[in-house]
Amino acid sequence: MHKLVRTSLAAAGLVAALALTGCGSDDGDDAGKDSAPTEAGSGGDAAKGGSIEGAWSGKTDGKTVDLAVTGTKAVLLADGHACTGDVADMGKPMLTLKCADGNTDRTMGSIESNDGKTLVISWDAGAKDTLTKSATGTLPTGLPTGLPTP
C-alpha cells in the first residue's frame with residue numbers, strides 16, 4: 001500500500017519537476033527550430049499506440065523507473081539517477097536524456113511500443129523498461145478511512 005502511494009507521489013512529483021525545470025530556452029540555441037511539438041514529442045502516434053505525454057512508472061530489475069513527459073520534454077528517475085532531456089522523432093520516437101550525475105544507462109531510448117497504458121522503451125546501453133501510465137491528480141484506491149485529524 002505504501003509503495004503504491006510513494007509511486008503515485010513520485011510520478012506526480014516528476015510531472016511537477018518537469019513543469020518547473022524550464023521547458024523552454026531563451027539562449028538562442030533554438031533559432032530556426034519549429035516551436036510546435038513534433039508528432040513524437042506531443043505524443044502523436046508514438047510507436048503506434050498513442051500519446052507518451054504524462055507520468056509513467058514501472059520496475060526494471062527490481063528497481064523503480066519513473067518517467068514524465070510534457071510536450072517535447074522528459075524527466076526520468078531510475079536507479080538513483082535523475083535525467084532530463086527531449087522527446088524527438090528520429091525516424092521513430094526517441095528519448096534523448098542527460099543525467100545530472102553523468103550516468104549513461106538511460107540516455108538514448110527508443111519507444112518500442114505504446115498502447116496508451118503500457119510504454120516499452122529500449123535503451124542503447126541495454127536496459128529495457130516497461131512502464132505503466134500513472135493516473136495523476138487522483139489518489140489511489142483502498143486508502144484507509146476514518147483516521148483522526150490533527
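## Terms and model

Helices (H or I, at least four residues) and strands (E, at least two) are DSSP runs, numbered from the N terminus. By that rule, Ser 134 falls in the segment after strand S8 (128-133).

This is a predicted model: local features need pLDDT of at least 70, side-chain atom pairs count only at pLDDT 80 or more, and totals for chains, interfaces and linings use all residues. Residues are numbered from 1 along each chain as its sequence is written, and side-chain values use heavy atoms, with hydrogens and water left out.

## Overall layout

The protein has 1 helix and 8 strands. Along the sequence, the pattern reads α-β-β-β-β-β-β-β-β.

Of the 150 residues, 32% count as buried. Buried means under 20% relative accessible area, exposed means over 50%, and partly exposed lies in between (1.4 Å probe, protein chains only). The protein exposes about 8,600 Å², and carbon and sulfur atoms supply 55% of that area. Accessible areas come from the Shrake-Rupley method with a 1.4 Å probe; for residues, only the protein chains shown count as cover.

Contact means heavy atoms within 4.5 Å. Among contacts between residues at least 6 apart in sequence, 41% join residues at least 24 apart.

## Confidence

pLDDT is the predictor's confidence in each residue, from 0 to 100. The mean pLDDT of the protein is 74, and 57% of its residues reach 70 or more. Over residues 1-12 the pLDDT is below 50; beyond near neighbours in sequence, this stretch has 13 contacts in the model. Residues 14-49 also have pLDDT below 50, and that stretch has 56 contacts beyond near neighbours in sequence. Where pLDDT is low, the predicted coordinates should not be read in detail.

## Strand pairs and hairpins

Two strands pair if DSSP finds at least two bridges between them. Strand S1 (residues 54-60) runs antiparallel to S2, and 7 bridges join them. Lys 59 stands opposite Thr 64 in S2. S2 and S3 pair in the antiparallel sense over 6 bridges. Here Asp 66 has Leu 77 in S3 as its bridge partner. S3 and S4 are antiparallel too, joined by 6 bridges. Ala 78 stands opposite His 81 in S4. S4 and S5 pair in the antiparallel sense over 7 bridges. Cys 83 has Cys 99 in S5 as its bridge partner.

The hairpin of S2 and S3 has 2 residues between the strands, and Gly 71 takes a positive phi near 60°. The hairpin of S4 and S5 has 3 residues between the strands; Gly 91 in the turn has a positive phi of about 90°.

## Two aspartates in turns

Asp 61 lies in the loop between S1 and S2. That hairpin has 2 residues between the strands. Asp 61 is not a glycine, yet has a positive phi of about 50°. At 76% relative accessibility, Asp 61 is exposed.

Asp 79 sits in the loop between S3 and S4. Again, 2 residues lie between the strands of the hairpin. Asp 79 is not a glycine either, and its phi is positive, about 55°. Its relative accessible area is 34%, so Asp 79 is partly exposed.

## The nonpolar core

A nonpolar core is a set of buried Ala, Val, Leu, Ile, Met, Phe, Trp, Tyr and Cys residues joined through side-chain atoms within 4.5 Å. The largest one has 18 residues; Leu 67, Ala 74, Leu 76, Leu 95, Leu 97, Leu 119 and Ile 121 touch the most other members. Strands S2 (63-70), S3 (73-78), S4 (81-89), S5 (93-99) and S7 (118-123) each supply at least two residues of this core.

Leaving aside neighbours within four places in sequence, the contacts of Leu 119 include Ile 52, Trp 56, Leu 67, Ile 111 and Leu 131.

## Two buried serines

Ser 110 is found in strand S6 (residues 108-114). Its relative accessible area is 8%, so Ser 110 is buried. The side chain of Ser 110 makes a polar contact with the side chain of Glu 112 (2.7 Å). A polar contact is a pair of N or O atoms within 3.5 Å; within protein, one must be able to donate a hydrogen and the other to accept it, and residues adjacent in sequence count only if both atoms are side-chain atoms. Beyond neighbours within four places in sequence, Ser 110 is in contact with Lys 92, Pro 93, Met 94, Val 120, Ile 121 and Ser 122.

Ser 134 counts as buried, at 17% relative accessibility. Ser 134 and Thr 118 are 16 residues apart in sequence and 9.8 Å apart in space, C-alpha to C-alpha.
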